Amino acid sequence: MSSVLSTMSRTRKRALAAGAVVLAGAGISATMMTPAAQAIPIPQKSCAFDAASNTPANGWRPVNSAVTINNGAVGRYVVVNFNADAGVSTLAEIRLGYRVDLGGVQTPGAQNFANHTEYWQTRHSMVVMYVPAGVHTIRPYWRISGALGKTGVIAARCLTAEAYTS
């Protein structure tokens with residue numbers, strides 16, 4: 001290697017050194033810069049740890065969680081994730097839907113959130129729903145599907161919504 005450097009002109013050595021400095025600087029800045037795809041902004045995530053119960057007689061009830069999405073001037077599809085510890089009576093189901101602002105409850109994906117099991121389980125739902133341009137609030141709703149007297153409980157839950165990542 002030293003013989004290669006000794007035969008190079010001074011101009012080429014300077015160009016080689018400058019290129020090495022540029023590459024090193026690019027590598028350092030790439031590891032130190034904030035990435036384009038960042039963690040979910042605070043308004044787009046909500047976690048709570050209280051417990052709530054529901055019965056078939058109550059119909060759709062809001063979950064005590066909401067997130068805000070700012071789509072700017074463009075409507076887009078939003079990925080909404082909801083998880084909770086859930087338990088429900090035998091021969092009953094917990095159903096899940098979502099409401100954007102003051103609109104009606106939508107069921108844009110799988111609705112059956114939980115069936116009866118011997119013990120509570122952590123459940124997860126992911127849906128993709130269209131949200132118009134502007135700033136909007138998304139809130140999950142839940143109901144119990146079953147005969148009168150059946151109950152369901154949800155607790156320790158998180159809600160996130162991702163409109164775009166760059």
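Begin by selecting S46, whose contacts (heavy atoms within 4.5 Å) include S65, A66, V67, R157, C158 and L159, leaving aside residues up to four places away in sequence. The model on display is predicted: local features need pLDDT of at least 70, side-chain atom pairs count only at pLDDT 80 or more, and totals for chains, interfaces and linings use all residues. Residues are numbered from 1 along each chain as its sequence is written, and side-chain values use heavy atoms, with hydrogens and water left out.

S46 belongs to strand β1, residues 45–54. Strands here are DSSP runs of E with at least two residues, and helices are runs of H or I with at least four, numbered from the N terminus. S46 counts as buried because its relative accessibility is 17%; buried means under 20% relative accessible area, exposed over 50%, and partly exposed in between, for a 1.4 Å probe and protein chains only.

**The disulfide**

Next, select C47 and C158. A disulfide, defined as a pair of cysteine sulfur atoms within 2.5 Å, joins these two residues with an S to S distance of 2.0 Å. C47 lies in strand β1 and C158 in strand β9, so that distant parts of the chain, 111 residues apart, are linked. The torsion about the S-S bond is about 115°, and the disulfide is therefore right-handed. C47 is partly exposed, at 44% relative accessible area, and C158 is likewise partly exposed, at 25%. A search of the whole structure finds one disulfide.

**The open sheet**

Now display β1, β9, β4 and β7 together. These four strands form an open sheet in the order β1-β9-β4-β7, with antiparallel pairing; two strands pair if DSSP finds at least two bridges between them. β1 and β7 are the edge strands, each pairing on one side only. On average, neighbouring strands of this sheet are turned by 20° against each other, direction ignored. Such angles run from 0 to 180 degrees between N-to-C directions, and the axes are lines fitted to C-alpha atoms, for helices over the stretch in contact.

Focus on the antiparallel strands β4 and β7, which 11 bridges join. Select N81 to find its bridge partner in β7, M126.

**Two aromatic pairs**

Rings of Phe, Tyr and Trp (its six-membered ring) pair if their centres lie within 6.5 Å; planes under 30 degrees apart count as stacked, over 60 as edge-to-face and the rest as tilted.

Y77 and Y130 form an edge-to-face pair, 5.4 Å centre to centre with 70° between the planes. Y77 is in strand β4 and Y130 in strand β7, so the pair ties together parts 53 residues apart in sequence. Y77 is exposed, at 56% relative accessible area, whereas Y130 is partly exposed, at 43%.

F82 and F113 form a tilted pair, 5.5 Å centre to centre with 45° between the planes. F82 is in strand β4 and F113 in strand β6, so this pair ties together parts 31 residues apart in sequence. F82 is buried at 1% relative accessibility, and F113 is buried at 6%.
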